[in-house]
Amino acid sequence: MKLVFLGPPGAGKGTQAERIAESEHIAHISSGDMLRTEIRKGTEAGLLAKDLIEKGEFVPDEIIIEMVKDRILEPDCANGFLFDGFPRTVAQADALKEIADIDAVIDIDVPFDRLLERITGRRVCPNCGMAYHISTYAGDTCEKCGEKLCQRDDDTAETVQNRLTVYERLTRPLTEYYRKEGLLRIVNGDLGIDEVTEQIRKAIR
């Protein structure tokens, strides 16, 4: 099974992707995670990506596409994969058609005000990557490894506003793109995590 998850920043793509990838025994491919790995390594692509991400801008298509091409050749993708955060533009979607046959595209729909609340309240562990939200966790250290939590540079209110604006301009057109392909499935992301997961499972069946 080969899936694409669409949805604006804060829609819960990462959480749902992890759940579905595990239950379907397919690889979870997050373009964001791949980019953050390059940033930590200090590669040329990583340095470029860091500057753009901190401004809320997208990384150039050619960088992302090459990373994806290499990633889907890895052994854990043999049974299929789930793209989380890719494609983000029509150009990326066109490139994806050349390298993989997608079975379904899940669009997780969440109102703008809820997205802003979700993202600006998010805190992450810089050591192990665990994520928390101030509405459900009052601590300032990671429960898993004890590291002090922080707010990602791209989770501040100003940057989030810009990220959502960029999403509407560049990524929203993908819903119509995949609707025409007959692959689009829209789910309500403004529900409980378990409810959203169940909607997705029904959609991919």
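This is a predicted model: local features need pLDDT of at least 70, side-chain atom pairs count only at pLDDT 80 or more; totals for chains, interfaces and linings use all residues.
Contact here means heavy atoms within 4.5 Å. Asp107 sits in strand 4, and with a relative accessible area of 3% it is buried. Setting aside its neighbours within four places in sequence, Asp107 is in contact with Leu6, Gly7, Tyr167, Arg172 and Thr175, and also with Leu184, Arg185, Ile186 and Val187.

Then there's Tyr178, which is 71 residues from Asp107 along the sequence. In space, the C-alpha atoms of Asp107 and Tyr178 are 9.9 Å apart.

Zooming out, five strands make up an open sheet, paired in parallel and ordered 2-3-1-4-7. Strand 2 (27-30) and strand 7 are the edges, each pairing on one side only. On average, neighbouring strands of this sheet are turned by 20° against each other, direction ignored. Helix 8 (residues 173-180) packs on the sheet and touches strand 1, strand 4 and strand 7. The direction of helix 8 makes about 130° with that of strand 7.

What holds such strands side by side? Strands of a sheet pair through backbone hydrogen bonds, either parallel or antiparallel.

## Strand by strand

Strand 1 (residues 2-6) runs parallel to strand 4, and four bridges join the two. Four bridges also join strand 1 to strand 3 (residues 81-84), again in parallel. Phe5 is a handy landmark: it stands opposite Ile106 in strand 4 and opposite Asp84 in strand 3.

From strand 4, five bridges lead on to strand 7 (residues 184-188), and these two strands run parallel as well. Here Ile106 has Arg185 as its bridge partner in strand 7. Why is strand 4 (residues 104-109) described as largely enclosed by the rest of the structure? Because five of its six residues are buried.

## Two crossing helices

Helix 2 (residues 31-41) and helix 3 (residues 44-54) have axes that come within 7 Å and cross at roughly 115°. The crossing is left-handed. On the helix 2 side, Leu35, Glu38 and Ile39 do the meeting; on the helix 3 side, Gly46, Ala49, Lys50 and Ile53 do. Sort the residues of this contact by type and you get four nonpolar, one polar and two charged.

## Cysteines

Cys128 is partly exposed, at 31% relative accessible area. Cys77, on the other hand, counts as buried at 7% relative accessibility.

Two spots in the backbone deserve a look. The peptide bond from Phe86 to Pro87 is cis, with omega near 0°. Pro87 is in the loop between strand 3 and helix 5 (90-99).

The other spot is His25, in the loop between helix 1 (13-24) and strand 2. His25 has a positive phi of about 60° although it is not a glycine. Is His25 buried or exposed? At 60% relative accessibility, His25 counts as exposed.

Notes:
Residues are numbered from 1 along each chain as its sequence is written. Side-chain values use heavy atoms; hydrogens and water are left out. Buried means under 20% relative accessible area, exposed over 50%, partly exposed in between (1.4 Å probe, protein chains only). Two strands pair if DSSP finds at least two bridges between them. Axes are lines fitted to C-alpha atoms, for helices over the stretch in contact, and angles run from 0 to 180 degrees between N-to-C directions. A crossing is left-handed if the near helix is turned anticlockwise from the far one by less than a right angle, and right-handed if clockwise. Ala, Val, Leu, Ile, Met, Phe, Trp, Tyr, Cys and Pro count as nonpolar, Asp, Glu, Lys and Arg as charged, and the others, Gly among them, as polar.
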